[in-house]
Amino acid sequence: MTTHDLPKGMIRAPGGLGPHEGYMPGFGNDFETEALPGALPQGMNSPQKCNYGLYGEQLSGTAFTANPPERTWTYRIRPSVKHSTRYARIDLPFWQSAPNVVPDVTSLGQYRWDPVPYTEERLTWLTGMRTMTTAGDVNTQVGMASHVYLVTESMVDSYFFSADSELLVVPQEGRLRFCTELGVIDLEPREIAILPRGLVYRVEVLDGPCRGFVCENYGQKFELPARGPIGANCLANPRDFKAPVAAFEDREKPSTLTVKWCGQFHETGIGQSPLDVVAWHGNYAPLKYDLRTYCPVGAVLFDHPDPSIFTVLTAPSGVPGTANIDFVLFRERWTVAEDTFRPPWYHKNIMSELMGNIYGQYDAKPKGFVPGGMSLHNMMLPHGPDRNAFEGASNADLKAEKLDNTMSFMFETRFPQHLTRFAAEDAPLQDDYIDCWASLEKKFDGTPGRK
Ligand SMILES: [Fe+2]
């Protein structure tokens, strides 16, 4: 991205190199950036008067006393309190929050969907969000929701923030731009973005139509998983996460700000763009990450490790080792294990697994799980390779093989995921999904040595 690409009137800080112009590297870093020289106070947060007549304001993503605290100091044209008047409830019927247990919808089952199709309807980030599943309770900040977005229109003089959640965005088609209070993130398939709770932004279409997935995290923020015996490298490396440099617009135009708060949506009118942060410093910021920089680690002799080996990000639940959400990536890799059934084994878990296909073919399901499609294997429901995958992998010549052209992911949570009415009735559910296991044969006949 280069400066001339920015929205008209937006002024951005210098920073970043080459393809990363406009971004600063490092997950959880304490960044500092200013779009005008001298706008950022040095050596203190709250001078008696800020340069340029800016207002100092802190955005806290954790309790003050959390360890470590996550917060960002902003220096802005107006304090945020001037970015709202009274709030009025509005209805966004397809964006649901937990608890959303629909009495006549059965969430107990193995489910798979074709891609949710685009329609003639013009949809923005707000009207195009389609909730598939919810888990936990948004009011107690526990659990998550999974969504598909279909976006064809930019938000114009319209802004949004979620007080409920951090959003993990996984594009599948099209390019989006997130103009946020803290800077601009351009996002395309094979990248992800993390939008923190409370951050105000506007979403524009760079290349449409746009479809993708969102994991809405009600709980503690995503962090990098502990690598344990893997050591200091591989999986997702902190330097590959990029925060935007400061960018602001000084635009006085009647606008709306929509707020998601305890599962409800409210709108307020304002006279200007709220993207007026001229400088900021802190460790609470939006991030983007290129999934192609994820370095997978796996079995190099025999057997198949648990999929946790492919965790990109994890959001803790308070129970050590038991995530509120794990974001897991199944990307291109070599399979080399000897005398091994290489695809995922049959299993049932306490965790509930929602998968999405970004592109290509997934090894446990050669057919039916298509780019843009999703599957759900809920708490304690058995699943595993379909018959074709089982027979193929059981009889394969076990030479080193590159799994190419494949990128799928999983939003896994410790809580059961409940289907929305949209997921059960409007989305293209594959009624015959369960049949993919129906033709698995009984091979046992009591004969020793039979394989
Ligand atoms: Fe699974």
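Visitor: How many salt bridges count between domain 1 and domain 2?
Guide: The model is predicted. In it, the count between domain 1 and domain 2 is one salt bridge.

Visitor: What makes the pair of D104 and R421 a salt bridge?
Guide: The closest N and O atoms of D104 and R421 are 2.9 Å apart. The cut-off is 4 Å, between a side-chain nitrogen of Lys or Arg and a carboxyl oxygen of Asp or Glu. So D104 and R421 qualify.

Visitor: What else describes the meeting of domain 1 and domain 2?
Guide: Contacts join 59 residues of domain 1 to 53 residues of domain 2. The two bury about 5,000 Å² between them. Carbon and sulfur atoms carry 70% of that area. On the side of domain 1, R112, W113 and L291 lose the most area, together 16% of what that side buries.

Visitor: Which residues are called donors of the iron ion, and why?
Guide: They are H347 (NE2), E353 (OE), E353 (OE) and H383 (NE2). Their atoms lie 1.9 to 2.7 Å from the iron ion. The limit is 2.8 Å, so they count as donors.

Visitor: Why is the arrangement around the iron ion called irregular?
Guide: The four donor atoms subtend angles of 53 to 150°. Tetrahedral needs all angles between 85 and 135 degrees.

Visitor: What does the pair H347 and H383 tie together?
Guide: H347 lies in the loop between β23 and β24, and H383 in the loop between β25 and α1. So the pair ties together parts that are 36 residues apart in sequence.

Conventions
Residues are numbered from 1 along each chain as its sequence is written. This is a predicted model: local features need pLDDT of at least 70, side-chain atom pairs count only at pLDDT 80 or more; totals for chains, interfaces and linings use all residues. Side-chain values use heavy atoms; hydrogens and water are left out. Donors are N, O and S atoms within 2.8 Å of the metal (3.2 Å for Na, K and Ca); water is not among the atoms, so sites may look incomplete. Four donors count as tetrahedral if all angles lie between 85 and 135 degrees; four count as square planar and six as octahedral if opposite donors are over 155 degrees apart and all others between 65 and 115; anything else is irregular. Helices (H or I, at least four residues) and strands (E, at least two) are DSSP runs, numbered from the N terminus. Contact means heavy atoms within 4.5 Å. Buried area is the accessible area (1.4 Å probe) that two parts lose on being put together, summed over both.
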